Amino acid sequence: MLRVESLSKSFGPVTAIGDITAEFPEGKFTCIVGPSGCGKTTLLKCLAGLLTPSGGQVLLDNEKVVKPPRKMALVFQDYSRSLFPWMTVRDNVAFPLRGRKSMHDAAKSQTVEKALRSVGLADAMDRYPWQLSGGMQQRTSIARAIAYQPQILLMDEPFASVDAQTRADLEDLMLAIKRDYGMTIVFVTHDIDESVYLGDRIVVLGSSPTTVKEVLEVGLSESRDQVSTKAHPEFLRLRGHVFNEIMHRTPTA
Amino acid sequence: MKSSRIILITLEIVTPLLLILAYALWAGPRGDFFFPSLDKILSTFWHDWLGGLVATDIVPSLYRTLAGFALAAVLAIALGIVLGLSRRARIATAPLVEFFRALPPPALLPLTILVLGVGDTAKIMLIALVCVFPILLNTIAGVAGLDPTLRDTARVYHISRADVLFRIIIPAALPAIFAGLRTSLSLAVIMMVISEFVAATNGIGFSIWQAKRLFDIPSMWAGIILLGIVGYTLNMILVGIESIVLRWHRGARAAAR
């Protein structure tokens, strides 16, 4: 179980995160949603062990996180800067497995190919990232994260820079990954619809100083669909509720 | 696309040919001692440089140039990676590096003649000394400029130190390193010629100087033309290697446009 306890983070005089306490239950898809500039990425980097908090702590299975834990993978927003342009798609996905002594080479290449097939890149394995569209590049970094076999998958606004249709495809890909792999997913986004559509739970952040405004359970069924789910009364209720929270309006529901 | 490529290649070939033709038409009827006719220069070039002088003068010059350049490349890339990785080492050595970089390279020639003598070793050392700085500075910039997202990616996925160095940092710095290598290669040719002007018993630079002293003007021109061809060829070879090694970089840049 991943927990943050009274986490704060300042960069010099600038306070990025005021005080955050939250839990990310095992096997659940938790979305963190908040206005832009509220410190979502900073929070995620603290969760990943890439940034040291100024106060409070991040706990993974009751152990304090001080460096990136082996059980975690992270998908960055900026796929074009997170993939290695001198490696093929296959090599990019296989790269984190190179140092894994417990795995045989055959098992490694099987894992890599399975991950690439499950994100729909079976035909692009031997191409270079820059030969692919933005959506396919982000699929590559998702495949890299899956092949790493983490218990916890962190995602930092992963679909913020792809077009709307690709975004819908990738959202459905995430639902399939959650179903097939059953890992804990922490998904940061500024898109309210996306957070309701994907999440089992939503952590709503407020800005300056950043705190948790509310934690919502999403009462939608496991199987979701871009058209019918997004027209479901529960979806619309949650969407409106989160919207009002973030826009500082009095919640109507 | 294809026809425009043919036009570009044609332009590249035709322009120098036109200039050569212009020289031939201009110099031929003049009979000027310092600007001999084209056929005189070319026949000297043909007999001297493509005959006996290949072994006695071209080979020694190429050896000095390439040995100095290679020595500089190895030292500068190794040192550049160390300095690029450590901000403190970079700050500590910055004044020294900037000083030597600002020094006009031939200024070091009297020193190397006094300390190292006039043999091949001295010439190679001088060429290496001058070639080190462009490669060093570019390597430092390339290594220090590694994208922080790539660094974070390596940390998240627990990439080993050796893999970070050889499979992330060095490939990422290669475009900058090659820019340094190209600058240094032309410096290597310049320093080869200068060092052979001042103190040498063979080499292309020596031959040009010798021809000047004997007022053998066509031979002097032939040597100058040879130097141009040598410099051009060396650069073409380096650019060829670069385009193979950095195929991904060209592709990535073209895709970003």
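Good morning. The domain assignment of chain A gives domain 1, residues 2-71 plus 151-246, and domain 2, residues 85-149; such bounds come from an automatic or database domain assignment. The model is predicted: local features need pLDDT of at least 70, side-chain atom pairs count only at pLDDT 80 or more, and totals for chains, interfaces and linings use all residues. Residues are numbered from 1 along each chain as its sequence is written, while chains are lettered from A and ligands numbered from 1 in the order in which they are written.

Taken over C-alpha atoms, the centres of domain 1 and domain 2 of chain A are 25 Å apart. Eleven residues of domain 1 of chain A are in contact with seven residues of domain 2 of chain A, contact being C-beta atoms, placed from the backbone, within 7 Å. On the domain 1 side, helix H6 (residues 164-181) of chain A supplies the largest share, seven residues. Helices here are DSSP runs of H or I with at least four residues, strands are E runs with at least two, and both are numbered from the N terminus. By class, that side of domain 1 has seven nonpolar, two polar and two charged residues. Ala, Val, Leu, Ile, Met, Phe, Trp, Tyr, Cys and Pro count as nonpolar, Asp, Glu, Lys and Arg as charged, and the others, Gly among them, as polar.

I turn to strand E3 (residues 29-33) of chain A. Why is E3 of chain A largely enclosed by the rest of the structure? Five of its five residues are buried, so the rest of the structure largely encloses the strand. A residue is buried with 20 or more other C-beta atoms within 10 Å of its own, exposed with 12 or fewer, and partly exposed in between, with C-beta atoms placed from the backbone. A:Phe29, A:Cys31 and A:Val33 point one way, and A:Thr30 and A:Ile32 the other way. Five bridges join E3(A) in parallel to strand E8 (residues 184-189) of chain A, where A:Thr30 stands opposite A:Val186. Four bridges join E3(A), also in parallel, to strand E9 (residues 201-206) of chain A, with A:Cys31 opposite A:Ile202. Pairing requires at least two DSSP bridges.

Finally, chain B. B:Leu246 lies in the loop between helix H9 (217-245) and helix H10 (247-256) of chain B. B:Leu246 is partly exposed, with 18 other C-beta atoms within 10 Å. Leaving aside neighbours within four places in sequence, B:Leu246 is in contact with B:Leu174, B:Pro175 and B:Phe178.

How values were computed: Contact = placed C-beta atoms within 7 Å.
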